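Please look through the structure shown here with the following briefing at hand. It starts with the chain as a whole and then turns to selected details.

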Amino acid sequence: MPRTGCFSTLGTWAPAAMPLRKSPPNLSAISPNGFPASTSPATSTRETLLKKPTNKEIKQNARKETDKRKTIKDNSKNNFTETNCINFIFANIQGLITENNNSKIKYLETLLNEEEFAFAIITESHLHKCKDGCERCIEDSEVKITNYNIIRTDRTDRTKGGCCIFLKDNFEKEILISRSNDCVEVLAIKIEKPNIILVAIYRPPNSKTEKFEDMIKEIRNTLKDISKPMPNILICGDFNFPFLEWKNINGNIIGEKTKGCSQSDREQLEILMSLNNDFQLTQEISENTRMGNCLDLLFTNNADLIQNIKIYDT
């Protein structure tokens with residue numbers, strides 16, 4: 001892909017069943033029969049081998065093996081098992097496609113399928129569906145990626161902006177939010193298995209406070225309506241807060257104001273932080289993403305699930 005100043009984040013999302021602030025179980029300490037290695041039954045391997053199984057036991061074992069293989073196959077298909085993590089992309093792409101150039105969508109298709117990413121969260125998609133007065137309409141078929149479904153929220157009355165999610169086509173999803181208020185775009189979906197809520201948000205520079213507050217309120221109300229226990233939450237967005245510097249201090253990402261900011265930007269930052277406090281979200285990106293600033297942020301309610309983040313200039 002041509003170097004356009006946009007960025008990509010490659011993330012690894014660990015099994016959603018992992019409790020907060022606890023390490024995953026030591027799988028090497030589990031014996032093949034399912035008992036902890038220190039508490040296995042007293043029957044020796046030799047005695048087990050010498051005992052001739054009945055026909056009923058043979059059929060039961062064969063059925064168990066078939067079910068086990070099916071489970072492994074299904075889990076592998078979703079790229080999500082006890083020992084396998086979900087890999088995903090979060091990218092500010094500054095236009096998926098133009099009238100004369102589809103190199104970005106081709107590059108993204110190759111990357112998603114070669115690495116078998118579960119999903120890609122895209123901001124600044126610059127997509128617009130056909131309607132009266134639209135200079136360049138882009139239908140789903142033009143940005144189709146093999147083995148993935150696209151869910152998109154386009155800017156309505158202005159050009160550019162927008163966000164979308166490419167989700168592997170064997171995941172079931174529910175669309176929770178898909179809205180543009182002609183300034184800020186938000187797209188939120190819930191993936192049933194694994195139990196994750198994905199939120200994509202694009203806030204352009206110089207956004208009005210009431211426009212940003214409107215969208216954060218929408219996210220807050222949607223999350224409040226989710227039945228307990230709360231699913232894992234992943235909010236990825238281009239927030240355009242260049243006055244913040246994010247530092248990794250003892251494993252915690254802390255944001256500090258390092259530059260002057262307007263009263264409106266300060267108010268919008270406080271609105272975002274209020275959402276984070278309500279749902280115990282932490283920010284996980286500390287490296288600069290574009291133009292020497294960390295503009296693209298990733299928030300989650302379960303930091304232990306984010307195992308690895310890599311920033312690439314694309």
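What percentage of the 314 residues in the chain is buried? In this predicted model, buried residues make up 44% of the 314 residues. The chain holds 5 helices and 14 strands, and among its contacts with a separation of 6 or more, 67% are accounted for by residues 24 or more positions apart.

**A lysine in strand 5**

- K168 belongs to strand 5, which covers residues 163–168.
- Although K168 is buried, K168 has no salt bridge, and the nearest side chain of opposite charge, that of E116, is 4.6 Å away; this pair does not count as a salt bridge because the definition asks for a side-chain nitrogen of Lys or Arg within 4 Å of a carboxyl oxygen of Asp or Glu.
- Leaving aside residues up to four places away in sequence, K168 touches E116, F117, A118, N147 and Y148.

**Helix 4 against helix 5**

- The axes of helix 4 (residues 209–224) and helix 5 (residues 263–278) come within 10 Å of one another and cross at roughly 5°, which means that helix 4 is roughly parallel to helix 5.
- On the side of helix 4, the contact is made by T209, F212, E213, I216, I219 and R220, while helix 5 contributes S264, E267, Q268, I271, L272, S274, L275 and D278.
- Sorted by class, the contact of helix 4 with helix 5 comprises 6 nonpolar, 4 polar and 4 charged residues.

Technical notes:
Residues are numbered from 1 along each chain as its sequence is written. This is a predicted model: local features need pLDDT of at least 70, side-chain atom pairs count only at pLDDT 80 or more; totals for chains, interfaces and linings use all residues. Side-chain values use heavy atoms; hydrogens and water are left out. Helices (H or I, at least four residues) and strands (E, at least two) are DSSP runs, numbered from the N terminus. Buried means under 20% relative accessible area, exposed over 50%, partly exposed in between (1.4 Å probe, protein chains only). Lys and Arg count as positive and Asp and Glu as negative; His and the chain ends are not counted. Contact means heavy atoms within 4.5 Å. Axes are lines fitted to C-alpha atoms, for helices over the stretch in contact, and angles run from 0 to 180 degrees between N-to-C directions. Angles under 35 degrees count as roughly parallel, over 145 as roughly antiparallel, 65 to 115 as roughly perpendicular and the rest as oblique. Ala, Val, Leu, Ile, Met, Phe, Trp, Tyr, Cys and Pro count as nonpolar, Asp, Glu, Lys and Arg as charged, and the others, Gly among them, as polar.
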